[in-house]
Amino acid sequence: MIKNLMSRALPALVLAALPLLTTAPASHAAAHRPSAGPVFAPAAVVARRDLPEAPPASVARTELAVLTVEAPHSMAGYSRARFPHWAQQGQQCDTREIVLARDGQDVVRDEQCRAVSGTWFSPYDDRTLTAASQVDIDHIVPLANAWRSGADTWDTPTRKAFANDLENPQLIAVSAASNRSKGDQSPDQWSPPSRAYWCTYSRAWTHIKHVYRLNITAAERDQLNVMLDTCD
């Protein structure tokens with residue numbers, strides 16, 4: 001039943017709710033208002049927007065408590081190709097370019113929607129990056145972890161929605177070094193080197209697992225509780 005519900009609802013929800021990328025200031029609510037698609041012009045400067053906000057720690061604890069705890073599923077049949085990304089979002093912009101523009105400061109894009117300059121702050125390791133080539137777009141809950149947690153039973157449209165989710169706090173621009181250090185590890189195996197980000201990271205991780213009804217391990221749950229304690 002969960003699989004069928006998500007197949008119908010999640011792709012449409014995620015792909016319809018693109019961030020509004022203009023240079024005019026916007027309120028928190030406006031930053032999350034659905035739009036027809038990203039707006040850009042040749043050599044456009046795109047101002048940073050608010051990231052999708054995870055629920056507060058109190059809500060995250062409630063979400064964490066109802067997640068199913070079980071051993072990881074087999075990796076048999078897994079490949080990143082089973083989670084199609086980066087999806088086209090209109091006007092030549094794919095999901096990666098949308099997140100680069102959303103998370104960066106003074107991002108300049110060319111007529112093909114590619115970030116040609118800007119500044120990005122990587123909250124995982126407190127690094128400032130000055131070239132898009134130094135930036136990876138991280139899946140907070142990695143694709144392989146999702147597979148081991150229940151995504152092995154999903155259909156392709158649901159996996160595509162998960163891999164390109166712009167509505168929930170699932171995608172973030174970080175340093176390539178930190179993203180590759182993380183790999184597909186869960187919080188009990190890897191946590192952001194910057195402890196100042198543990199609160200946000202644990203809230204986001206827990207919320208994504210809750211939204212997509214993914215499982216967790218006992219060790220993962222215990223570490224998430226430790227990280228949520230930093231919110232206090």
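## Confidence

Where pLDDT is low, the predicted coordinates should not be read in detail.

For the protein chain, the mean pLDDT is 85. A value of 70 or more is reached by 78% of its residues.

## Nonpolar cores

The largest nonpolar core has 31 residues. Those with the most contacts inside it are F83, Y124, I140, V141, F162, Y201 and L214. Six elements are listed here as giving two or more residues to this core: helices α3 (57-66), α5 (143-148), α6 (156-163), α8 (198-211) and α9 (218-229), with β6 (171-175). The most comes from α8, which gives five residues. In soluble globular proteins, nonpolar side chains tend to be buried together.

Take Y201. Setting aside neighbours within four places in sequence, Y201 is in contact with Y124, I140, K182, P187, W190, P192 and M227. Another core lies apart from the largest one. This other core has 15 residues, among them I98, C113, L129 and A173.

## Disulfide C93–C113

The structure holds two disulfides. One joins C93 and C113, with sulfur atoms 2.0 Å apart. The link of C93 and C113 is right-handed, at 95 degrees about the S-S bond. C93 sits in the loop between α3 and α4 (95-103), and C113 in the loop between β2 (105-109) and β3 (115-122), so the pair ties together parts 20 residues apart in sequence.

Both cysteines, C93 and C113, are buried. C113 is also among the residues of the 15-residue core.

## Disulfide C199–C231

C199 and C231 form a disulfide as well, their sulfur atoms 2.0 Å apart. The link of C199 and C231 is right-handed, with 110 degrees about the S-S bond. C199 lies in helix α8 and C231 in the segment after α9, so this bond ties together parts that are 32 residues apart in sequence.

How exposed are the two ends? C199 has a relative accessible area of 17%, so C199 is buried, under the 20% cut-off. C231 has 24%, so C231 is partly exposed.

## Pairing order

Number the bonded cysteines of the protein chain in sequence order, and the pairing reads 1-2, 3-4. C93 pairs with C113, and C199 pairs with C231.

Methods
Residues are numbered from 1 along each chain as its sequence is written. This is a predicted model: local features need pLDDT of at least 70, side-chain atom pairs count only at pLDDT 80 or more; totals for chains, interfaces and linings use all residues. Side-chain values use heavy atoms; hydrogens and water are left out. pLDDT is the predictor's confidence in each residue, from 0 to 100. A nonpolar core is a set of buried Ala, Val, Leu, Ile, Met, Phe, Trp, Tyr and Cys residues joined through side-chain atoms within 4.5 Å. Buried means under 20% relative accessible area, exposed over 50%, partly exposed in between (1.4 Å probe, protein chains only). Helices (H or I, at least four residues) and strands (E, at least two) are DSSP runs, numbered from the N terminus. Contact means heavy atoms within 4.5 Å. A disulfide is a pair of cysteine sulfur atoms within 2.5 Å.
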